Amino acid sequence: MVCALEVRRNGIFCGTATLTTMSIILGVLGCTKNETLAHSNNNSSSSIIGIISDISGVISTQEQVDRVKTFIANELSQEFDSNVTTSALNSLSTAENNLLWLNTYGSTIMTWIKQQDYRLPTGIVPDNYYVVLKPNLDVDTFQFEGRVNILINVTENTDRITLHAYDIEIDNTTIDIQSITVSAHIVVETITYDSLRQFYDFKLDQELVAGRRYRILLFYKGYHREDMSGFYRSYYEKDNERSELEPNIEWDNFQETPMPISTYLIAFVVSDFVNLSSSDGFYSTWQRADAISQAQYSIDVSPLIMKSLENFTELDYFLPKMDQVAVPDFSAGAMENWGLVTYREQYILHEEGVSTSISKQGVATIIAHEFAHKWFGNSCQSYLVEVYMAQRRVETTWRMEDQFVVRQVHTSLSSDSLESAHALSSDVGSPSSVSSIFSTITYNKGASVIRMMEHFMTHETFRKGLSSYLSTHGNRTAEPDDLFASLDSQYLQDFPNRPVSVKTVMDTWTL
C-alpha cells in the first residue's frame, strides 16, 4: 500500500489520493523518476496544473519553489508538451510573488504588529461593573440592549479613558462620567475607536486625578450572533422542530461576585433547559429536557471531584453554587466560568449503558479540568498549573497514571519535536498570539512537566508548595517564577540538602 502525501490549501496530510496526485507529490518530495513514472497512469494536464497551483498556495520558502521548479523541468517536461510545463510554471509564479512581497514588506509589518499594545492603560483600575442585559428574541432583529455602570479608581493623572469594546454599538449620547470623591461632572470631548485593538477611547475636558474614584455610565446595543461568539443565539431540535424561546422573558438579578474576577470568566445562558441537581441543591446540570437522563453521572462525580480538589489545595471552593450547562452549539470543549461551567454536550452528558467507557472517562476528565480552574487560572492566573489527575482519586480503577504517559507525555514529545514547537513560557501581546499557544505543548507538555516536578519533589512536598502558592497569589496575576519560588521554599524546608532549586530545573523545560 502506498501512502501518498496529498497537498491541500491548508497543508499536507497522509491519506489516499488519485494516481496523478501521487505522481506529482512523490516527485516533489524527492522520489526517483521510476517511482514517479510508476504512478503516471491516467495523468491529465489540467489535473497536474491544478495540483501545482495547490502546491503554490502552501509554499513558504524559496527552497520549496526551487524543488518544484526542478520537478517540472526534470519530470513533467519529459512526459508532457511545453504548454503544460509553461502553465505549471505560471501557476508556480504565485508562490514566487508571495515570497517577494513577504521579503519586501514582511519585516516592516511584523515590527508594526509587535509594537501594538493590546493591553489597556494601567492608570485606571476598574473596581466594580454593574451590567444590565436585555435580550430580544424577535426573529426579525435578534438585537439585545445593555447598559453598564463602571466604578473606577484612578492611579495616575490622565485625561483619557480607554475601554475594550467589540461588536457592540455604544450610544455616545448616553455616556456619563461623574467624580465620586469630589462631586463633579466630566465632559467627553472626543471619542475614537481603534478596531484593531478594540479600544474605545474617551478624550476628556479635564484630567482625572490620581487617588479619586469615578463612575462611567453608558448604554449600548448588539446582535445575537450565529457564530458561537459573544452573546450568540443557538438552536436544537425539539419534537423534530427547531426550538424557539418565547419572547417574554423574566428579569433575573445576580449576586455581586465575592472578590475580583477576570471579565472573561463571566457567562450567562438564556434557555428553556431543565436541570438535574444534587440532593443538597449545590450542584446542578442544565440541559435539553429530553437529555436530562444523561446528566446523572455529572451530578454523581462532580461533588467527589470538588472535594478531592479542596483536600489537595487545602482551600475551599469559594462560591455558593456550581452550575454546569450542556450547550448544543459551543465553540470550545468547555469553559470554566465562575459558578457556571459551560460544555459541549458530549463532554458533560453520559447515558449509562449507551455511552462508551471512554466517553465516561472524558466527562470526568473535563469536569476535573474545569473545576481545577477554580483554583488554578480563576483564583490565580498562572498558565502552568493544572491539577492534572484530580479524577485519579475519584475513579480509582481507571489507571489514570498509566494512561497519562501515553496520552500526555508521548503526544507532547511528538509535538515538541516539530519546528513549530514553542516554549511553555511565552510572551503574548495580541489576541492571535494568545490563540496560538492553546496547543499540545501548553496542555500536554505543561502537564507532563508538572508531573515530573511532582515526582522529583515528592507528592506531599509538591502539594504543600502549591497550597502555599495559592494562598499567597490568589486573586491576582502571577508568573511562573512565583510558582517556582513557592514550590522551592517548601522543597528547601522538607529537603534542606536539596541538590538544585526548582527554578533551576524548571527553567530548562519552560523557557
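Predicted model: local features only at pLDDT ≥ 70, side-chain atom pairs only at ≥ 80, totals over all residues.
Student: How is the aromatic pair of Trp101 and Tyr105 classed, stacked or tilted?

Tutor: The count of aromatic pairs comes to 13. For Trp101 and Tyr105, the distance is 5.6 Å centre to centre, and the angle between the planes is 50 degrees. Since planes under 30 degrees apart count as stacked and those over 60 as edge-to-face, this pair is tilted.

Student: What separates Trp101 and Tyr105 along helix H5, and is Tyr105 buried or partly exposed?

Tutor: Trp101 and Tyr105 lie 4 residues apart in helix H5 (residues 82-115), and therefore about one helical turn separates them. Trp101 has a relative accessible area of 47%, which makes Trp101 partly exposed. Tyr105, at 44% relative accessibility, likewise counts as partly exposed.

Student: Over which ring does the charged end of Arg242 sit?

Tutor: Two arginines may be taken in turn here. The charged end of Arg233 sits over the ring of Phe142, at 4.0 Å from its centre. The charged end of Arg242 lies 3.8 Å from the centre of the ring over which it sits, and that ring belongs to Tyr235.

Student: Which residues does Leu487 contact, leaving aside its neighbours within four places in sequence?

Tutor: The largest nonpolar core has 51 residues, and Leu487 is one of those that touch the most other members, a group including Ile305, Tyr343 and Phe371. Among the elements that each supply at least two residues of this core are helix H11 (459-473), helix H12 (480-494) and helix H13 (502-510). With its neighbours within four places set aside, Leu487 is in contact with Met453, Met457, Phe462, Gly465, Leu466 and Val502.

Student: How far apart are the end C-alpha atoms of H7, and what covers its buried residues?

Tutor: With 16 residues at 1.5 Å a residue, H7 should span 22 Å, and its end C-alpha atoms are 23 Å apart, which agrees. The buried residues of H7 include Gln361, Glu370 and Phe371. What covers the buried residues of H7 includes strand S14 (283-287), H6, S15, strand S16 (334-335), S17 and helix H8 (400-416).

Conventions. Residues numbered from 1 in each chain as written. Heavy atoms only, no water. Phe/Tyr/Trp six-rings, centres within 6.5 Å; stacked < 30°, edge-to-face > 60°. Buried < 20%, exposed > 50% of the residue type's maximum accessible area, 1.4 Å probe, protein only. Lys NZ or Arg CZ within 6 Å of the ring centre and 35° of its normal. Core = buried A, V, L, I, M, F, W, Y, C linked by side-chain atoms within 4.5 Å. Contact = heavy atoms within 4.5 Å. Expected span 1.5 Å × (residues − 1).
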